[in-house]
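Biologist: I have a structure open and some questions about it. Can we go through them one at a time?
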Amino acid sequence: MKNAARLYFTRGETNTWLTPLPFVEALGLFDLCPASPAVRPWSYAAKHYTAEDDGLAQPWEGRVWLNPPYERGLVDAFARKMVEHDRGTMIVFTRVDTAWFQLAAGRCSAMLLKAGRIAFCREDGIPAKKFLGSVFFAFGRYDAGRLARASEDSPLFKGVLFRRV
């Protein structure tokens with residue numbers, strides 16, 4: 001995507017909101033995080049692509065953790081690529097009115113509508129204000145199982161879990 005690095009930021013403010021690490025740790029080890037900030041206080045996966053790397057243009061392999069940048073066009077493209085990859089977990093805001101949300105909901109193996117709101121973190125790891133509700137989309141049987149276990153074992157994942165058979 002042309003000028004992808006520039007699109008990760010909006011009006012001089014960050015457009016990158018990190019998922020608090022305990023959520024990702026509860027889901028297990030990931031192989032790739034394709035939408036990672038260049039500077040991050042923790043790692044989500046064995047391999048990270050930043051805006052400079054243009055995670056949309058790179059190959060996705062293994063189990064993917066995705067918290068996409070919330071820029072019009074980018075969130076759509078990352079969600080579509082996650083659906084195509086079909087292996088991993090994606091967290092997004094509950095924007096049920098969008099085509100990308102409906103695509104993910106229709107193709108995921110499981111989804112958890114999170115009760116309450118998550119205080120996402122800035123790039124320095126400091127929690128920011130709570131924005132909107134979130135949903136976890138699991139793609140593939142393994143990730144559906146990890147999400148189900150997390151929803152049973154961890155109060156962080158309090159919400160409504162939907163699984164496909």
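Modeller: One term to begin with: a residue is buried when its relative accessible area is under 20%. Also, this is a predicted model.

Biologist: Fine. Is C33 buried or exposed?

Modeller: C33 is buried, because its relative accessible area is 3%.

Biologist: How many disulfides does the whole structure have?

Modeller: Zero disulfides turn up in a search of the whole structure. A disulfide needs two cysteine sulfur atoms within 2.5 Å. The closest cysteine sulfur to that of C33 is in C121, 14 Å away, so the two are too far apart for a bond.

Biologist: And C121, buried or exposed?

Modeller: C121 counts as buried, because its relative accessibility is 3%.

Biologist: What share of the 165 residues is buried?

Modeller: Buried residues are 53% of the 165.

Biologist: New topic. How many helices and strands are there?

Modeller: The protein has five helices and nine strands. In sequence order the pattern is α-β-β-α-β-β-β-α-β-α-β-β-α-β. The radius of gyration is 14 Å, close to the 15 Å from the globule rule for 165 residues, so the protein is as compact as a globular protein of that length.

Biologist: Which strands does β7 pair with?

Modeller: β7, residues 110-117, pairs antiparallel with β8, residues 133-139, over five bridges. Five bridges also join β7 to β9, residues 159-163, again antiparallel.

Conventions: Residues numbered from 1 in each chain as written. Predicted model: local features only at pLDDT ≥ 70, side-chain atom pairs only at ≥ 80, totals over all residues. Heavy atoms only, no water. Pairing = 2+ DSSP bridges. Helix = DSSP H or I, 4+ residues; strand = E, 2+ residues; numbered from the N terminus. Buried < 20%, exposed > 50% of the residue type's maximum accessible area, 1.4 Å probe, protein only. Rg over C-alpha atoms; globule rule 2.2 N^0.38 Å.
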